[in-house]
Amino acid sequence: QVQLVESGGGLVQAGGSLTLSCVRSGGIFRNVDVAWYRQAPGKQRELVAGIRTDGRITYGESVRGRFTSSRDNAKNTIYLQMTSLKPEDTAIYFCNSRPARVSWYLDSGYWGPGTQVTVSS
């Protein structure tokens, strides 16, 4: 059974930094694509960063240049380094794993329970 668990969320001031982690258990990690999504109150869930099995990364337009995502196949873990945080980055952040090459814009695969990130102004 596949499970994903996020950690690292919290409260940070605008301009600050935060790093999220997500550990996946079950299945073969290196064979799946992984991603971070977020959902703010009253808004639709949006892609933050997606990493394919070959290492290609897609970033959401609103975080490009500020956030960096990576995966460590040996540790079954994905990371999201967030810098220059803004109040509009406040959301619940979810990690996701899905079969390789499925569009980031489809609901697919497994989801973690999410971790809250709050950026104060």
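1. Strands are DSSP runs of E of at least two residues, and helices are DSSP runs of H or I of at least four residues; both are numbered from the N terminus. The structure is a predicted model, in which local features need pLDDT of at least 70, side-chain atom pairs count only at pLDDT 80 or more, and totals for chains, interfaces and linings use all residues. Residues are numbered from 1 along each chain as its sequence is written, and side-chain values use heavy atoms, with hydrogens and water left out.

2. Overall composition. The chain holds zero helices and 11 strands. Its radius of gyration is 13 Å, close to the 14 Å that the globule rule gives for 121 residues, so the chain is as compact as a globular protein of that length. This radius is taken over C-alpha atoms, and the globule rule is 2.2 Å times the number of residues to the power 0.38. Along the principal axes, the C-alpha atoms fill a box of roughly 40 × 25 × 25 Å.

3. Of the 121 residues, 42% count as buried; buried means under 20% relative accessible area, exposed means over 50%, and partly exposed lies in between (1.4 Å probe, protein chains only). Among contacts (heavy atoms within 4.5 Å) with a separation of 6 or more, 57% come from residues 24 or more positions apart.

4. The open sheet. Four strands form an open sheet in the order β1-β3-β8-β7, with antiparallel pairing. The edges are β1 (3–7) and β7 (67–72); each has a single partner strand, so one side of each is left without a neighbour in the sheet. On average, neighbouring strands of this sheet are turned by 15° against each other, direction ignored; the axes are lines fitted to C-alpha atoms, for helices over the stretch in contact, and angles run from 0 to 180 degrees between N-to-C directions.

5. Pairing within the sheet. Two strands pair if DSSP finds at least two bridges between them. Strand β3 (residues 18–25) and strand β8 (residues 77–82) are joined in the antiparallel sense over six bridges. Leu18 has Met82 in β8 as its bridge partner, and Ser21 has Tyr79 in β8. β1 and β3 pair, also in the antiparallel sense, over five bridges, and Glu6 stands opposite Cys22 in β3.

6. Gly114. This residue lies in the loop between β10 (110–111) and β11 (115–120) and, at 23% relative accessibility, counts as partly exposed. Gly114 and Glu6 are 108 residues apart in sequence, yet their C-alpha atoms are 6.1 Å apart in space. Leaving aside residues up to four places away in sequence, Gly114 touches Glu6, Ile92, Tyr93 and Phe94.

7. Positive phi values. Most residues other than glycine have a negative phi. Asn76, in the loop between β7 and β8, has a positive phi of about 50° although it is not a glycine. Asn76 counts as partly exposed, at 27% relative accessibility. Ser84, in the loop between β8 and β9 (91–99), has a positive phi near 50°. At 41% relative accessibility, Ser84 counts as partly exposed.

8. Arg45 and an aromatic ring. The charged end of Arg45 sits over the ring of Trp111, 3.8 Å from its centre. A charge sits over a ring if NZ of Lys or CZ of Arg is within 6 Å of the ring centre and within 35 degrees of the ring normal.
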